[in-house]
Amino acid sequence: GPQQMFDQTKGVVQTVVGYSGGAKPNPSYAHIGDHTECVQVVFDPEQISYAELLELFWKKHNPGVVTQPQYRSVIFTHDKLQYQQALASKVVQAASRGRSVTTVVREAGHFTPAEDYHQKYYEKLKRKKEKRCVIS
């Protein structure tokens, strides 16, 4: 998933799965309301640029039509420059795909980290599939 992809990217310092973009305070997976599930990415701009992170996002992301707010395609931005870069990247994606892109670009509001069992989900899933034994 997106968290795993960004975790494996040089220059990414931290990722946290959570909820953003909705009006309801303190969302949870069971009571997400109008929030969207998302990944907050903390990065070192001396090692990777925001534009490079956007390229990674678009490579792995399917901006198809989603009717549920929980899974909608959104890029949340933290400043005017990020907003402009994200919009420009959306235009490039639409041109390269030959169709409109439904991804919404908007200012980041409050971010609520998801429950622990959602963090590093794919790593946990991989560990569940591993078999273990003791040999002496």
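Where is Y117 found? Y117 sits in the loop between β5 and α4 (121-129). Keep in mind that this is a predicted model.

View 1. How does Y117 itself count? Its relative accessibility is 49%, so Y117 counts as partly exposed; the exposed class begins over 50%.

**View 2. Strand β1 is largely enclosed by the rest of the structure.** Strand β1 covers residues 12-20, and seven of its nine residues are buried, so the strand is largely enclosed. Buried here means under 20% relative accessible area.

**View 3. Strand β1 pairs with β2 and with β5.** On the β2 side (residues 36-43), the two strands run antiparallel and eight bridges join them. One of the pairings to look for is V12 with F43 of β2. Strand β5 (residues 111-113) also pairs with β1 in the antiparallel sense, over three bridges. Here S20 has F111 of β5 as its bridge partner.

**View 4. The largest pocket holds about 1200 Å³ of space.** A total of 44 residues line this pocket, and the closest to its centre are P2, E37, C38, V39 and Q40. Which elements give two or more residues to the lining? They are α1 (2-7), β1, β2, α2 (50-60), β3 (74-77) and α4. Strand β2 gives the most, with seven residues.

Definitions and conventions. Residues numbered from 1 in each chain as written. Predicted model: local features only at pLDDT ≥ 70, side-chain atom pairs only at ≥ 80, totals over all residues. Heavy atoms only, no water. Buried < 20%, exposed > 50% of the residue type's maximum accessible area, 1.4 Å probe, protein only. Helix = DSSP H or I, 4+ residues; strand = E, 2+ residues; numbered from the N terminus. Pairing = 2+ DSSP bridges. 1 Å grid on protein atoms, 1.4 Å probe; cavity = no way out; pocket = protein on both sides within 12 Å on 5 of 7 lines; lining within 4 Å. Points joined across faces, edges and corners; volume = space filled by probe spheres on them.
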